[in-house]
Amino acid sequence: MEEEDVTSQFPAQNSHSENHDGGLPLFQVVVPEAVKRAENVMFTLQVTIVAEEKGLVLLRQYEDFEWLHHNLVTNNDIRGIIVPPLPVKPLSDPKSAESLSKKQMGDNTRIMRGDQFEHDCLSVQKYLELVLSHPTFGRDKMLSSFLTEQEAPVRARLNKGLITRLSSVIDTARKSNRKDVDEYYNTKRYFATEYSKAIKEASLNYNKLLVAQWRLSSSYSTVATELTSCTADRDEELVKLNRVLKALSDGCEDEATCYELKSAKGETTAGFFLDLFARYSDSLKDMHFRRVNDLIEYEAAEKALEKAKPPKRQAAEEAFETAKSNFERASENGKTELNRFTQIRLASSASFLSEYAELQVKISQDFYTQLLHSRRALDKIHL
Amino acid sequence: MADGMEPPPFDTEEDGIKDEDDLFSDAKEKPSSPSSDSQVNGASSNNMDEDVKNDLEDDSDLFKGGSSEIKLNSDDEAEEKPNNGSNAESEEAPEETKKATPEIPVSEALTAKTKVAAPSLKAEDLDEDDKDIYEIDIKITDTLKMGDGMSAYLVYKITTKTSNPAFRRPESIVLRRFSDFLGIHAKLAEKHVAVGIIVPPAPEKSVIGMTKVKMSKEDTSSSDFVERRRAALERYLVRTAAHPVLASDPDFIEFLEKDGDLPRSTSTSALSGAGVMRLFHRVGESLEKITLRVDENDEWFEEKSQQVEALDLQLRKLHTSIEVLSVHRKELCVNTAQFAKSAAMLGNVEEHTALSRALSQLAETEEKIEVLHREQSDADFFLMAELMKDYVALMGSVKDVFHERIKTYKSWKDAEMTLTKKREVKAKLELQHKTDKIGQAQADITEWEQRVEKGQEDFEKISKNIKKEMLRFEKMRVVDFKDKVIKYLEILMDNQEKLIKYWETFLPEAKAIA
């Protein structure tokens with residue numbers, strides 16, 4: 001059901017991107033399941049090649065996506081582009097899953113939440129969708145082969161050293177306050193920073209809310225079990241009492257299922273949206289950051305050109321031209337990308353908010369009816 | 001329902017006494033010893049068997065003469081009731097009258113049926129039983145803090161409305177302290193537990209909670225505690241008043257209507273010497289409970305004891321679980337508030353107008369939900385957790401009564417043993433031809449024979465009373481649970497309904513974005 005929901009969102013975004021870039025996406029991908037193989041989580045990909053109306057089924061593990069992402073980013077010119085964010089690595093070892101479950105359900109719970117691969121599948125599927133419908137990445141050769149060849153491409157080990165990451169953090173902090181030449185980008189960059197903060201906070205708090213709901217649900221089911229733990233067969237009054245308690249137990253059971261459902265569904269709607277955009281907002285910030293870098297380079301090249309002595313003038317001019325065109329491309333691409341981002345954000349927000357609200361209404365309605373049954377059952381107990 | 005077979009003359013006599021008490025005095029009842037109290041109770045519960053009959057007779061005063069073949073005592077009962085009704089229940093009585101169309105043949109048929117198939121009428125019995133009791137409505141309307149610092153204390157304003165003629169006024173308002181409640185409970189327990197009445201337990205003293213109240217200048221942080229205690233005390237009074245015997249206990253009436261302060265009861269303070277003594281006493285009793293065993297020949301008691309133990313355990317577990325539940329609900333409340341806040345923040349940041357508005361609406365919706373969760377958390381606590389707690393305490397009272405029966409049994413058996421010894425002494429004396437001492441020994445024997453007889457009587461009486469009390473208690477329990485469960489489920493339903501409403505209001509906002 002969850003997959004269907006997402007694919008139904010899909011065409012809406014397609015039609016949008018088709019305006020710019022006809023024929024995208026080249027592939028449609030559904031990720032129906034993931035299984036654990038040894039230490040790795042294997043995702044099943046159902047790929048449909050749109051032009052040939054041909055389908056195939058592939059197996060990919062998370063590291064393959066990591067490699068794909070790396071290649072997409074390095075092989076394409078990503079100036080001004082908001083790169084769709086790679087999903088977080090699924091938890092594959094039992095210990096981390098257990099600690100997550102404990103964190104969510106409380107330490108002394110007897111209920112363990114199962115593997116949450118559905119959520120990971122959804123994230124991966126969404127990622128592929130975003131990449132495939134993206135005008136820059138949608139036609140990438142690497143992506144095509146990734147989705148058409150049975151064997152995953154050979155990956156090189158990715159080195160993301162601590163030092164590079166650290167220096168980039170410092171860099172970001174230093175450059176992010178830089179005044180822009182373009183007022184439009186000034187406000188957009190400010191928005192990106194604030195939005196990122198706000199959505200991360202919202203995502204975090206929403207997850208806490210979900211956890212609280214899980215816990216409430218689990219304590220309701222504990223109560224429900226305990227309510228029916230006492231059996232009495234012969235004693236009339238006790239039988240009556242037990243029938244009353246049974247009704248209460250049913251009510252508690254209903255509440256438990258209700259909150260469990262709300263959490264599960266909330267996770268795939270609101271939780272999913274918030275999580276995606278918390279990551280996406282980082283891509284947004286990255287884009288701005290890269291553009292600021294380009295701007296700095298451009299300004300530096302301009303200065304160098306002014307100071308350049310005749311023998312070096314040629315080289316300086318070339319450097320200046322490159323930097324200028326880089327920056328201009330970044331700015332230009334950035335504008336379309338920002339618009340695209342807004343479009344995606346709006347579409348996703350609209351669908352998540354209405355889906356979320358509809359779910360809440362539906363679940364509450366269902367359980368209202370359930371509770372009504374328990375309530376009626378009580379009326380039938382004559383004292 | 002063996003008490004249905006009780007010899008009528010005995011009852012008639014008792015009813016007569018009761019009749020007089022009710023009609024002519026309110027104070028006369030006071031000196032009644034525990035034993036006579038229990039007999040009154042016996043009589044009134046005998047009513048239970050005759051209820052249906054009585055009901056019909058009440059309705060058909062005109063035909064009463066015609067039902068002469070019915071037991072004599074039922075006539076007395078019937079006479080007694082309309083009298084009371086005319087005294088105080090003048091308004092309620094006619095309503096009841098209309099309920100059933102009286103016909104004598106039916107009443108006879110029913111009489112026969114009550115005797116044969118009494119259990120099937122239990123439910124009705126209870127209803128009738130309730131009607132036998134005077135209308136009484138007790139509320140604790142207010143809590144006042146008196147004094148300052150560590151000598152501060154809380155005073156509870158109790159409003160009682162009743163049709164019971166034993167009260168001087170139909171409505172009275174008194175101020176009572178917590179220790180007064182403990183005092184009245186102690187008095188009631190002393191008088192009535194011995195005859196097998198399940199006396200509802202008073203709420204426990206909470207030194208920590210009270211200290212908080214004393215320390216706090218304003219009762220914001222402690223208002224939760226105060227409200228809990230107020231509710232607990234109110235439930236205690238209502239429960240006590242629902243008992244036909246306890247409700248008309250002179251001490252209880254005094255507690256509810258005497259103007260001014262009651263004499264301070266010193267023995268109830270947790271830290272006093274008496275408190276410590278009580279603790280020792282309790283420890284002793286619980287030791288005794290472990291060691292004392294009756295080789296039970298009454299299957300009913302054996303079964304009930306097991307049931308009570310099992311239920312006690314279940315209720316205790318439930319109480320803890322529900323408190324945990326309430327805590328989790330509170331957590332959810334906090335988290336919802338947090339999420340509402342960050343949704344509002346996101347709405348502020350968002351540059352797109354429609355989306356921004358939708359997010360603010362989401363924040364508002366979540367805020368409303370937070371309020372809902374908070375109310376629900378209160379309901380979890382006040383309805384369910386407190387219900388379980390009350391019944392854990394009540395199970396304690398039931399156990400007390402069971403224990404009392406075992407004590408009675410023991411003193412009966414002790415008396416029997418002494419009697420055997422005395423007889424042996426007499427036999428020895430006869431063998432030794434010590435004729436001068438035989439007279440004394442014979443007197444001893446007669447005395448102990450009487451004691452044995454009384455012991456047996458006591459034991460049988462308490463056993464019988466307990467059975468009756470348990471029946472009443474269990475019925476009350478089911479009614480109480482059913483009431484609370486219905487209320488609780490309705491609150492849950494109400495909340496789901498509100499949730500539906502909130503989200504439905506929100507939905508158009510979400511749809512307006514794209």
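# Briefing on a predicted two-chain model

A:K36 has its place in strand 1 (residues 27-37) of chain A, where helices (H or I, at least four residues) and strands (E, at least two) are DSSP runs numbered from the N terminus. This is a predicted model, in which local features need pLDDT of at least 70 and side-chain atom pairs count only at pLDDT 80 or more, while totals for chains, interfaces and linings use all residues. Residues are numbered from 1 along each chain as its sequence is written, and chains are lettered from A and ligands numbered from 1 in the order in which they are written. The model scores ipTM 0.84 and pTM 0.73.

- A:K36 counts as partly exposed because it has 16 C-beta neighbours inside 10 Å; a residue is buried if 20 or more other C-beta atoms lie within 10 Å of its own, exposed if 12 or fewer, and partly exposed in between, with C-beta atoms placed from the backbone.
- A:K36 and A:T136 stand 100 residues apart in sequence, and their C-alpha atoms are 33 Å apart in space.
- A:K126, which lies in helix 4 of chain A, counts as buried because it has 22 C-beta neighbours inside 10 Å.
- Between A:K126 and A:L86 there are 40 residues in sequence and 9.6 Å in space, taken from C-alpha to C-alpha.

**The make-up of chain A**

- Chain A holds nine helices and three strands, and along the sequence these follow the pattern α-β-β-β-α-α-α-α-α-α-α-α.
- Of the 383 residues of chain A, 41% count as buried.
- Two residues are in contact if their C-beta atoms, placed from the backbone, lie within 7 Å; of the contacts in chain A with a separation of 6 or more, 75% come from residues 24 or more positions apart.
- Helix 2 (residues 62-75) of chain A has 14 residues and reaches 20 Å from its first C-alpha to its last, close to the 20 Å expected at 1.5 Å a residue, where the expected span is 1.5 Å times one less than the number of residues.
- The buried residues in helix 2 of chain A include A:Y62, A:F65, A:W67 and A:L72, and what covers the buried residues of this helix includes strand 2 (40-49), strand 3 (54-61), helix 4 (117-132) and helix 5 (141-148) of chain A.

**Where chain A meets chain B**

- The contact takes 58 residues from chain A and 57 residues from chain B.
- On the side of chain A that touches chain B, the elements giving two or more residues are helix 7, helix 8 (236-307) and helix 9 (310-380) of chain A, and helix 7 of chain A gives the most, with 21 residues.
- By class, this side of chain A has 32 nonpolar, 14 polar and twelve charged residues; Ala, Val, Leu, Ile, Met, Phe, Trp, Tyr, Cys and Pro count as nonpolar, Asp, Glu, Lys and Arg as charged, and the others, Gly among them, as polar.

**Chain B and its domains**

- Chain B has 15 helices and three strands, and 35% of its 514 residues count as buried.
- The domain assignment, which is automatic or comes from a database, gives chain B domain 1 (2-132), domain 2 (135-265) and domain 3 (325-511).
- The centres of domain 2 of chain B and domain 3 of chain B, taken over C-alpha atoms, are separated by 18 Å, and the contact takes 13 residues from domain 2 of chain B and 18 residues from domain 3 of chain B.
- On the side of domain 2 of chain B that touches domain 3 of chain B, the residues divide into eleven nonpolar, one polar and one charged.

**Confidence in the model**

- Chain A averages a pLDDT (the predictor's confidence in each residue, from 0 to 100) of 80, and 80% of its residues score at least 70.
- In chain A, confidence is lowest in helix 1 (residues 2-20) of chain A, at a mean of 40, and highest in helix 7 (residues 183-227) of chain A, at 89.
- Chain B averages a pLDDT of 72, with 63% of the residues scoring at least 70, and over residues 1-131 of chain B the pLDDT is below 50.
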